[in-house]
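The entries follow the order in which I went through the loops, the salt bridges and the chain contact.

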Amino acid sequence: MKKSKYSLLLILTLVFSLILTACGGNNDASEGENNDNNENATSDVAQEFSMLDSSAIPTMDSVLAEGSTSFTYIGNVGEGLYRLNQEGKPEPAMVEGEPEINEDKTVFTFKLRDAKWSNGEPVTAHDFVFAWQRAIDPKTASPYGPYMMGGKILNAAKITEAGAAGKPYDLNELGVKAIDDKTLEVTLEKPVVYWEDLFAFPSFYPQNQKFVEEKGDAFASSAENLLYNGPFKMTQWEGTDAEEWVLEKNENYWDADNVKIEKITVNVVKDSGSAVNAFEAGETDMTGLLSSDLVPQYEGDERMMSWLDAAVFYLKLNQKNEALANTNIRKAIAMAFNKEDLANGILNNGSVPANYLVPKEFVNLDGVDFREGNGDMLEYNVEEAKKHWEAGLKELGKTELTIRYLGGDTEASKKIDSYMKNQLETNLEGLTIELESVPFAVRLERDNSMDYDIQMAGWGPDYGNAISFIDLWVTNGGSNRMGYSNPKYDELVKKAQGELATQPEENFKAMQEAERILLEEDAGIAPVYQRGANILINPNLKGLVQYQYGPDYSFKWMSVEGE
Amino acid sequence: MGKYLLQRVFYMVLTLFLIASLTFFLMKVIPGTPFASQNKLSPAQMEIMKAKYGLDQPVPVQYAKYMGNLLKGDFGTSFQFSNRAVGDLMFQRLGPSAQLGFQAMVLGSVLGIFLGVIAALRQNSWIDYGSTFIAVVGKSIPSFVFAGLLQYYIGVKLGWLPVLFWKGFEYTIMPTIALALFPLAIAARFMRTEMIDVLNSDYITLAKAKGASFFDIAFKHALRNALIPVVTVLGPVFVSLMTGSLVIEKIFAIPGLGEQFVTSITLNDYPVIMGTTILYSAMFVLIILIVDILYGVIDPRIRLSGGKK
């Protein structure tokens, strides 16, 4: 009798272990893929590495891409007329030599080099025309196509407007034509100083019409449904939510001789701490961006690579709010928080205090940084802030103010926002800040409807020119959305984009003056910090290039060295 | 039995329909934009984008369209992952989540029930205190802490198991243990209480008086009766484990559904929100039905319909 009672337990245990083995049986095959490559110290080290990214690739269709993850992989498997080089500057890529440019710098004639798609077909001028027309076509509903082309490529904005109004439009009116297979003519609406950056941007990459139309809805839905004309091709990618993908060297790439890396395996790890654990266990050679709590422990470690992003964060001060329409109040707020402490104590990841809109180490003229011309503005200064605060309150006829503050809902942004609240309330007597922590999607929506008083926001550029930041705040500008308006500012921005577009020095000065008006005179926004970025990378990996706009990285010039 | 089942299935479908409808309208009330670069879009572009996803139509029209497609088994296309059918996305991701949930459930409930029974049989002994301690710890340590500790010590320091990913059985061990802690704690605590209750009841005293052996009493008489409430509690726990754990999936980089569900809500990815909600609800109502049927198996006194004919 007694034995049968034990058997109940025994059976349970047996069943349990059977289930476990059965479940595990399915996917044992894919082992041993990511052997680390650095163990043999010989010179012929395998040119392979594995890396982690913090998100899946939302799309590999260059025409639909809108985020840096997409741009990064599209940028490494594709190529436009220009490509950002190792110094982050655009240089001819699909283009052979310099283009012919007409006198008023609006018509460009490019000669294409002999380059091939990964299926062996030549890359032609028609591929560019097709892709650009597809990007602007209202039927495609691309977010970045019209954003990058509007007001720059001839008739781009016109087509978008017509599409939105349900009126007929003609894609052939877009300022891009194939003169013959190897000659491309691009017409701009007006001169654009940073035209090389534009033509290096993934939204302007070519696409093969025959291939795209053959694939139909399946185009760009997996590695097999894509064509590649860049340094690498994707050999494994199961679609937009895949969490693992593989890039391999593209033998058909025109500059394949200079590409050393044979294979890159990428896996998605969303948790920064887990990524670091995987790196420490030797399971990967490179992590995604580290969350700032992990940065201090790697201070001075040769495996940590750090840089200053061209992204600047600031408080948007919505002038629809009566109090924030007052310049003194805005100045008081802009000077009333300690940015140094925020950057060093709270962010603690290499971020620096920002007393400017156009970031440091971003643009320069003949080697002189944009910042050197303008210096610091709206620095932390409690005394000044208090003076402006008193004056502002008097003008408003009030003794206290309650202002809503729209911030993010991530751990990191909550920390920053509560610090800001504390600083502002402590330094400005009679001020009450109501914190509203919302998800990113909600913040965008409320930015759009201007439903906020103060908002913590940031901006990263899309091309290497200060205008990427400066034109944000023109009256009724697409990204303004805070009711800022100053005719002097508008005038300068218009000049910088118009008549001064071809005179780099004057252009630079105009933008610096515009920035000075925005900050020093108007305190239109309150700059907070410029973001620092950090990753862990195996020291044997050389040649990773990091960019300030478009793709995050280029792997083209990388190599694996022996120890 | 057949008639009863038919009736239940009808109510299940009705429940799902109500949940889907309610979710659809609630979702439209969530503030936020589904467009990641909205701050860069001009008003004209916004209109074009809205038209593409059918968001320019009045909500009732959108609802009718969605329900129509749903009847055809079409869950729509994700906003955040271009080109990705929500149906494919969900069922592909359900695999790892379900496997992990199932393993954790089996491990957790078997160990938990075992601990609970032992604790009850040896009430107020060190075994009892030990098992209660494990249960309390299991319930109170947040899973991300436990998972993080496992990952660091077993994965990084000792190197016994892979730190991340989902590529074979050994990859599932740490996440399974981390996730099993919760059902283990619940099962152990419930089992102990129920078991003690049953052991103090009259029929057990009678069984003892008749001279039944200790194991007969513990397993034949007590365990079966004590299991009923435990099964009730574990049913819903099972579904929540099967549908994926946000935290565990994120920490161990498992391509599952739990993390995706939360992300889709914060990104206003409407089709994915709808799809996952419907899937979760379907699993819930199904599990509730299974639990009801299990009652009858465990305790013959509970009959689903009018009894034997």
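**Entry 1: a loop asparagine.** I began with Asn338(A), which sits in the loop between α9 (327–335) and α10 (339–347) of chain A; helices here are DSSP runs of H or I with at least four residues, strands are runs of E with at least two, and both are numbered from the N terminus. This is a predicted model, in which local features need pLDDT of at least 70 and side-chain atom pairs count only at pLDDT 80 or more, while totals for chains, interfaces and linings use all residues. Residues are numbered from 1 along each chain as its sequence is written, chains are lettered from A and ligands numbered from 1 in the order in which they are written, and side-chain values use heavy atoms, with hydrogens and water left out.

Is Asn338(A) buried or exposed? I found Asn338(A) buried, at a relative accessible area of 13%, where buried means under 20%, exposed over 50% and partly exposed in between, computed with a 1.4 Å probe on protein chains only. A polar atom of the Asn338(A) side chain lies 3.0 Å from the backbone nitrogen of Asp341(A). Leaving aside residues up to four places away in sequence, Asn338(A) touches Tyr380(A), Tyr419(A) and Gln423(A), contact meaning heavy atoms within 4.5 Å.

Entry 2: Leu378(A) is not a glycine, yet has a positive phi of about 55°; its place is the loop between α11 (370–374) and α12 (382–396) of chain A, and Leu378(A) is buried at 9% relative accessible area. Asn476(A), also a residue other than glycine, has a positive phi near 60° and lies in the loop between α15 (467–470) and α16 (487–497) of chain A, but Asn476(A) is exposed, with a relative accessible area of 74%.

**Entry 3: salt bridges.** Glu96(A) counts as partly exposed at 45% relative accessibility, whereas Arg113(A) counts as buried at 14%.

Asp114(A) and Lys182(A) form another salt bridge, at 3.9 Å between the closest N and O atoms. Asp114(A) is in the loop between β5 and α3 and Lys182(A) in the loop between β6 (176–180) and β7 (183–187) of chain A, so this pair ties together parts 68 residues apart in sequence. Asp114(A) counts as exposed, at 68% relative accessibility.

I then turned to Asp447(A) and Lys316(A), whose side chains meet in a salt bridge at 2.8 Å, N to O. This pair spans 131 residues, from Asp447(A) in helix α14 to Lys316(A) in strand β11 (residues 304–317) of chain A, and both partners are buried. Arg404(A), Glu436(A), Arg446(A), Asp451(A) and Asp453(A) are joined into one network by salt bridges that share partners.

**Entry 4: the contact with chain B.** Chain A and chain B bury about 5400 Å² between them, 59% of it on carbon and sulfur atoms; buried area is the accessible area (1.4 Å probe) that two parts lose on being put together, summed over both. Chain A brings 67 residues to the contact and chain B brings 58 residues. The rule finds three salt bridges across this interface, and Glu243(A) forms a salt bridge with Arg93(B), the closest N and O atoms being 3.1 Å apart.

Entry 5: Seven of the nine residues of α8(A) are buried, among them Val276(A), Asn277(A) and Phe279(A). Their cover includes β1 (48–53) and β18 (525–536) of chain A together with α6 (143–157) and α10 (246–251) of chain B. After α8(A) comes Gly282(A), whose phi is positive, near 75°.

Key: Salt bridge = Lys/Arg side-chain N within 4 Å of Asp/Glu carboxyl O. Polar contact = N/O pair within 3.5 Å; in protein donor to acceptor, adjacent residues only side chain to side chain.
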